Structures are given as C-alpha cells and as structure tokens.
Amino acid sequence: MRGARMDARREEEVVRFLQQRSIRPLEICVVNPGANVNFPILETTERVFRKVWEMACYAGFLRGTRSRRLMLAA
C-alpha cells in the first residue's frame with residue numbers, strides 16, 4: 001500500500017498521482033482528506049463551507065471517477 005500527499009481538489013494532481021502508482025491493476029482507491037473545521041453553522045462562512053465541500057465531496061468525485069477509469073480498463 002502506498003500513500004501520497006496532494007491537493008485532492010486539483011484534477012491534474014489526482015491524475016498525476018494515479019498515473020505514478022506502480023501497483024497495477026488498481027483495486028482500491030481511498031479518499032481521506034483532512035477537513036477538520038469546527039465552526040458552529042451560524043459562524044460558518046460561505047468560503048469555509050466551500051473549502052470543506054471541495055475537500056470532502058469534490059475530491060471524492062475526482063478520485064472516484066479517475067480511479068474507476070483505471071479499474072475498468074484493467
């Protein structure tokens with residue numbers, strides 16, 4: 001198992017990460033972004049919410065779609 005640091009919200013970094021992995025075929029791809037934000041909802045700004053959303057939802061979408069293409073190709 002190998003891990004790496006990257007900005008999982010950046011599609012080009014996700015693609016580069018998946019292309020650099022030496023283990024083939026790809027069987028699993030785990031997304032675990034660090035989005036530790038502790039604000040009460042009434043104190044959460046739109047900017048903070050968007051960053052957390054990008055790290056949690058959008059990053060999962062990017063990794064899921066890009067890794068699944070590799071899995072289907074295998």
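Me: Which residues does F39 touch, not counting residues up to four places away in sequence?
Reply: Happy to start there, with a reminder that this is a predicted model, where local features need pLDDT of at least 70, side-chain atom pairs count only at pLDDT 80 or more, and totals for chains, interfaces and linings use all residues. Residues are numbered from 1 along each chain as its sequence is written, and side-chain values use heavy atoms, with hydrogens and water left out. A contact means heavy atoms within 4.5 Å. By that rule, and leaving out residues up to four places away in sequence, F39 touches T44 and V48.

Me: Is F39 buried, partly exposed or exposed?
Reply: F39 sits in the loop between α1 and α2; helices here are DSSP runs (H or I, at least four residues), numbered from the N terminus. Buried means under 20% relative accessible area and exposed over 50%, with partly exposed in between (1.4 Å probe, protein chains only). The relative accessible area of F39 is 43%, so this residue is partly exposed.

Me: Which residues make up the largest nonpolar core?
Reply: A nonpolar core is a set of buried Ala, Val, Leu, Ile, Met, Phe, Trp, Tyr and Cys residues joined through side-chain atoms within 4.5 Å. In soluble globular proteins, nonpolar side chains tend to be buried together. Here the largest such core has 5 residues, namely V14, F17, L18, L26 and L62.

Me: Which helix gives this core its largest share?
Reply: The core includes V14, F17 and L18 among its members. The largest share, 3 residues, comes from residues 11-20, which is helix α1.

Me: Which residues do ring pairs link into a cluster?
Reply: Rings of Phe, Tyr and Trp (its six-membered ring) pair if their centres lie within 6.5 Å; planes under 30 degrees apart count as stacked, over 60 as edge-to-face and the rest as tilted. W53 and Y58 are stacked, with 6.1 Å centre to centre and 20° between the planes. Y58 and F61 have ring centres 6.3 Å apart and planes at 20°, so that pair is stacked too. Together, the ring pairs link W53, Y58 and F61.

Me: Which helix holds both Y58 and F61?
Reply: Y58 and F61 are 3 residues apart, about one turn of the helix. Both belong to residues 46-73, helix α2.

Me: How many residues apart in sequence are the parts tied together by E54 and R9?
Reply: A salt bridge is a side-chain nitrogen of Lys or Arg within 4 Å of a carboxyl oxygen of Asp or Glu. E54 and R9 meet in one, at 3.2 Å from N to O. Because E54 lies in helix α2 and R9 in the segment before α1, their pair ties together parts separated in sequence by 45 residues.

Me: Which residues are linked in a network of salt bridges?
Reply: R9 also forms a salt bridge with D7, the closest N and O atoms being 3.0 Å apart. Both R9 and D7 are buried. The linked residues are D7, R9, R10 and E54.

Me: How far apart are the closest N and O atoms of R66 and E11?
Reply: R66 lies in helix α2 and E11 in helix α1, so the pair ties together parts 55 residues apart in sequence. Their salt bridge has its closest N and O atoms at a separation of 2.2 Å.

Terms used
Helices (H or I, at least four residues) and strands (E, at least two) are DSSP runs, numbered from the N terminus.
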